[in-house]
Amino acid sequence: MTDTPYTPPKVWTWEGDLGGRFGGINRPTAGAREDRALPVGEHPFQLYSLGTPNGQKVTIMFEELLDAGHADAEYDAWLIDIMESQQFWSGFVEINPNSKIPALVDRSGAEPFRVFESGAILLHLAEKFDFLLPRSPARRAETLSWLMWQMGSAPLLGGGFGHFYAYAPNKIEYAINRFALEAKRLFDVANQQLARTRFLAGDDYTIADIAAWPWLGMLYRGDAYDNGAEFLSLHEYEHVGRWVKEIGQRPGVIRGRLVNSAKGIAERHSAADFVALDPELLKGA
């Protein structure tokens, strides 16, 4: 190992910008930094998000609901630019005290209420519309297990591997090796499961797939972290590759991953918002 030795102090103190891509944004405190309200559209669901993997989970879910004929799942998707610290606006902090996208306000009933954390939003929508969450206890448990597997795994892929491999101001051999190991182990978990079943929780598409696909697909295609796919040899996971390709052809997935995105549409307020896009973008991942 060639890392510079570091001896932690007895008590850690924050000394400002840590460097790296997000060093100037993150602080060891929570709460609003600017008094700004959020816009509100006309639809039953108001989503405040960004087209990252966690944001894509929810927009894919909404587009899948609409494709399945749930017209009352119409939504407005408002862009939250995390590089401009909009997640620390007072209006956003009121919806998600953790200041992370995505955050949702369900205005479909008499009293609006918030739902934050992507997994919680998927589960809320699945239960509300009886959609992509099996009813039988065994199949429901399997689906929820894979949903929680993804929620627990994402920090190892993003804040772990992605951060230290692509975003950290210095390349730290131990950190990169540690999280590369975890990333490959997680891909192997998925690959072995997908060798046995068409989708993560069995032979039916569920919210577990919607949760995992944006993360595993982004990495597998080499779309993130300075082509981390090559570094991790992700082509080795052929069953994940089959699954990534199949789900990437679903119309709801194609549209959902373009919402709140620089490559797609900044905001989404109706199906007509996709009409002006380059047709190539609507051909699938």
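**Stop one: a buried glutamate**

Begin by selecting glutamate 182, which counts as buried because its relative accessibility is 12% (buried means under 20% relative accessible area, exposed over 50% and partly exposed in between, with a 1.4 Å probe and protein chains only). What you are viewing is a predicted model, in which local features need pLDDT of at least 70 and side-chain atom pairs count only at pLDDT 80 or more, while totals for chains, interfaces and linings use all residues. Residues are numbered from 1 along each chain as its sequence is written, and side-chain values use heavy atoms, with hydrogens and water left out.

Glutamate 182 belongs to helix H5, residues 173–196 (helices are DSSP runs of H or I with at least four residues, strands are runs of E with at least two, and both are numbered from the N terminus). If you show side chains, you will find that of glutamate 182 in a polar contact with the side chain of arginine 185, at 3.0 Å; a polar contact is a pair of N or O atoms within 3.5 Å, where within protein one must be able to donate a hydrogen and the other to accept it, and residues adjacent in sequence count only if both atoms are side-chain atoms.

Now widen the selection to the whole of H5, whose 24 residues reach 35 Å from the first C-alpha to the last, close to the 34 Å expected at 1.5 Å a residue (the expected span is 1.5 Å times one less than the number of residues). The buried residues of H5, among them Phe179, Leu186 and Phe187, pack against H4, H6, helix H7 (228–232) and helix H8 (238–248), where contact means heavy atoms within 4.5 Å.

Next, select the four strands of the open sheet, which follow the order S2-S1-S3-S4 with mixed pairing (two strands pair if DSSP finds at least two bridges between them). Strand S2 (75–79) and S4 stand at the edges with a single partner strand each, so one side of each has no neighbour in the sheet. S3 and S4 run antiparallel and are joined by four bridges, and alanine 103 stands opposite phenylalanine 116 in S4.

Finally, select helix H3, residues 118–129, which lies across S1, S3 and S4 and runs at about 125 degrees to S4 (axes are lines fitted to C-alpha atoms, for helices over the stretch in contact, and angles run from 0 to 180 degrees between N-to-C directions). H3 is mostly covered, with nine of its 12 residues buried, including Leu122, His124 and Phe129.
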